[in-house]
Amino acid sequence: MASITGATVMARELKKQGVDYLFGIVGFPVVPIAIEAQKAGITYIGMRNEQSASYAAQAASYLLGRPQACLVVSGPGVIHALAGLANAQQNCWPMLLIGGSSAQQRDGMMDFQEEHQVELCRPYCKYSARVEAPARIPFLVEQAIRTSWYGRPGAAYLDMPDDVILGRVEEEELAAVPAVADPPRSLADPTSVAAALDALKGASNPLVIVGKGMAWSRAESEVRRFIEHTQLPFLATPMGKGVVPDDHPLSVGGARSLALQQADAVLLLGARLNWILHYGLPPRFNPDVKVLQVDIAADQISHNVHSHAAMVGDGKAVMQQFLQLLDQQPWQYAPDAAFRTAIAEKIAQNEAAVAPQVNQDEGPVNYYRAFRDIKEFLSPDDIIIGEGANTMDIGRTQMANVHPRHRLDAGSYGTMGIGLGFAIAASVTNPGKRVVAVQGDSAFGFSGMECETICRYNLPITVIVLNNNGIGGGLSAMPTDRQAPPNMLLPGAHYEGVMEAFGGKGWYCTEPSQIKPALDAAAAWGGPALVHITLDTKANRKPQEFAWKS
Ligand code: ADP
Ligand code: MG
């Protein structure tokens with residue numbers, strides 16, 4: 001009989017359950033788990049901060065379509081990683097956090113980094129449990145992975161006490177727990193699907209909203225066929241972008257406010273009527289809008305606005321139901337509808353409104369001018385990370401996605417700090433692909449030390465920092481006569497130097513004419529790069545009709 005440690009059992013069970021990537025920071029007591037994970041064939045990525053590690057684990061999970069993991073030390077390590085659990089929960093993304101903890105026989109003795117970790121993680125997780133003995137690992141890992149993954153995805157936590165990591169078990173005593181199969185895909189009630197299609201047919205201004213639940217569900221080919229067949233206008237949410245290509249003629253992205261306000265029926269696909277979608281309420285939505293809702297979570301139906309058709313099921317499966325109905329009774333939205341003309345006119349107006357900024361070749365750089373060159377630099381296969389306030393919001397409108405799951409950003413929780421963790425996860429899970437992280441100067445600061453991680457693994461990541469000297473734009477010089485405003489960050493900073501410090505390359509641009517050559521050089525180099533573009537500190541979005549949370 002061969003005995004093995006809890007660390008070995010944990011590593012083997014993780015691998016069996018589809019965990020191919022483990023992001024973390026090692027230290028007492030989790031070092032053996034990381035070493036055993038590598039032996040089991042799991043790629044271990046050592047990060048510089050547990051927040052970034054937990055952000056990376058959830059981005060990897062979302063991109064790969066199954067839970068990946070994060071490994072952190074006891075006490076403060078778990079506390080730092082809570083940020084990622086909360087963000088994963090809010091985005092409905094899976095992930096597994098494994099926290100080391102002090103030995104069980106010292107519980108309550110004020111042991112080194114002793115903390116109530118299972119309880120602390122519980123409110124930010126679908127599942128939170130302690131592993132009490134090595135023999136329990138197969139059962140608990142299966143539960144954690146399955147619970148995180150099935151239904152509406154979310155975070156899971158497993159607590160690994162020191163005595164369990166080092167404790168031994170006879171291999172023959174371990175239960176043979178099978179690998180969790182891909183989540184079953186449930187269909188919606190067919191009468192609801194028929195009712196939704198009828199409501200779309202009866203609407204004068206029908207609109208489809210494509211959310212990141214559809215990207216997660218891998219429903220892109222079905223949603224694309226549905227849009228092609230019905231010729232319905234569609235709006236992608238920030239991370240729903242690319243499920244149907246942004247450059248599709250039926251995209252209303254360039255006339256978002258108008259389309260939302262005028263729509264009288266909305267087919268809501270894997271998206272919540274939260275702050276990003278203005279709660280589905282006036283003044284941003286028509287007060288009489290019929291919501292036709294597809295969601296995997298039954299308790300999401302009618303949240304904030306009553307759903308006229310409730311389709312509870314998996315996005316991909318439900319879209320197949322729609323396609324079957326359409327095969328039997330083909331239908332297209334009127335090609336000459338006034339709604340289409342209004343959208344087209346508004347898109348043209350909005351483009352004209354920003355054209356002067358796009359074309360401003362002299363003086364300090366504004367956002368739209370910077371994005372003109374960034375757009376040209378991007379290739380459709382790049383994975384784009386957007387983070388910051390204006391940088392993210394304007395970037396979302398300016399940088400197109402043609403593939404699903406090629407945009408990651410601050411998401412439902414509006415989290416600053418996700419940037420480089422997400423970028424690293426996107427890069428390691430997509431070998432050969434370029435990742436481009438476009439971040440504000442404040443946003444970059446939350447995870448900037450991960451540049452060392454990027455350089456250590458030599459990842460093809462280009463970070464572009466759009467610097468306006470602060471949170472929402474600071475001053476061009478530090479005031480000497482009074483305190484610096486709270487939103488202010490250092491003028492004259494050289495963020496590109498952070499990447500250079502670790503062997504990557506950096507470029508510094510203060511004028512429009514310098515941006516393209518810098519981006520071209522970064523593309524030619526192909527390695528870790530940071531292009532730092534200083535902006536007019538007063539640069540802003542085009543005037544908005546509505547405040548962001550109205
Ligand atoms: P967005 O940010 O794109 O608006 P949200 O995060 O608000 O998206 O909403 C995503 C929704 O997608 C959640 O309500 C979630 O329950 C749902 N969802 C997750 N997985 C699936 C799936 N496989 N099929 C359908 N809906 C899903
Ligand atoms: Mg800023």
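Mentor: Let's start with a cut-off: a residue counts as near a molecule if one of its heavy atoms lies within 4 Å of it. Keep in mind that this is a predicted model.

Trainee: Which residues come nearest to ligand 1?

Mentor: There are 20 residues around ligand 1, and Lys 212, Thr 237, Arg 272, Asp 295 and Gly 315 come nearest. By class, 5 of the shell residues are nonpolar, 10 polar and 5 charged. Helix α9 gives the most to this shell, with 3 residues.

Trainee: What makes the pair between Lys 212 and ligand 1 a polar contact?

Mentor: A polar contact needs a pair of N or O atoms within 3.5 Å. A polar side-chain atom of Lys 212 lies 2.6 Å from an oxygen atom of ligand 1, so the pair meets that cut-off.

Trainee: Now to α6. How do you know that its length agrees with its number of residues?

Mentor: Helix α6 has 13 residues, 137-149, and at 1.5 Å a residue they should span 18 Å. The end C-alpha atoms are 18 Å apart, so the two values agree. Just after α6, Gly 151 takes a positive phi of about 65°.

Trainee: What covers the buried residues of α6?

Mentor: The buried residues of α6 include Ile 137, Leu 140, Val 141, Ala 144, Ile 145 and Trp 149. Among the elements covering the buried residues are α1, β5, β6 and β7.

Trainee: Why is Met 110 called exposed, but Ser 302 partly exposed?

Mentor: Exposed means over 50% relative accessible area, and buried means under 20%. Met 110 has 78%, so it is exposed. Ser 302 has 31%, which lies in between, so it is partly exposed.

Trainee: Which peptide bonds are cis?

Mentor: One joins Phe 28 and Pro 29, with omega about -5°, and Pro 29 sits in the loop between β2 and α2. Another runs from Pro 282 to Pro 283, with omega near 5°.

Key
Residues are numbered from 1 along each chain as its sequence is written. Chains are lettered from A and ligands numbered from 1 in the order in which they are written. This is a predicted model: local features need pLDDT of at least 70, side-chain atom pairs count only at pLDDT 80 or more; totals for chains, interfaces and linings use all residues. Side-chain values use heavy atoms; hydrogens and water are left out. Helices (H or I, at least four residues) and strands (E, at least two) are DSSP runs, numbered from the N terminus. The expected span of a helix is 1.5 Å times one less than its number of residues. Buried means under 20% relative accessible area, exposed over 50%, partly exposed in between (1.4 Å probe, protein chains only). Contact means heavy atoms within 4.5 Å. A polar contact is a pair of N or O atoms within 3.5 Å; within protein, one must be able to donate a hydrogen and the other to accept it, and residues adjacent in sequence count only if both atoms are side-chain atoms. Ala, Val, Leu, Ile, Met, Phe, Trp, Tyr, Cys and Pro count as nonpolar, Asp, Glu, Lys and Arg as charged, and the others, Gly among them, as polar.
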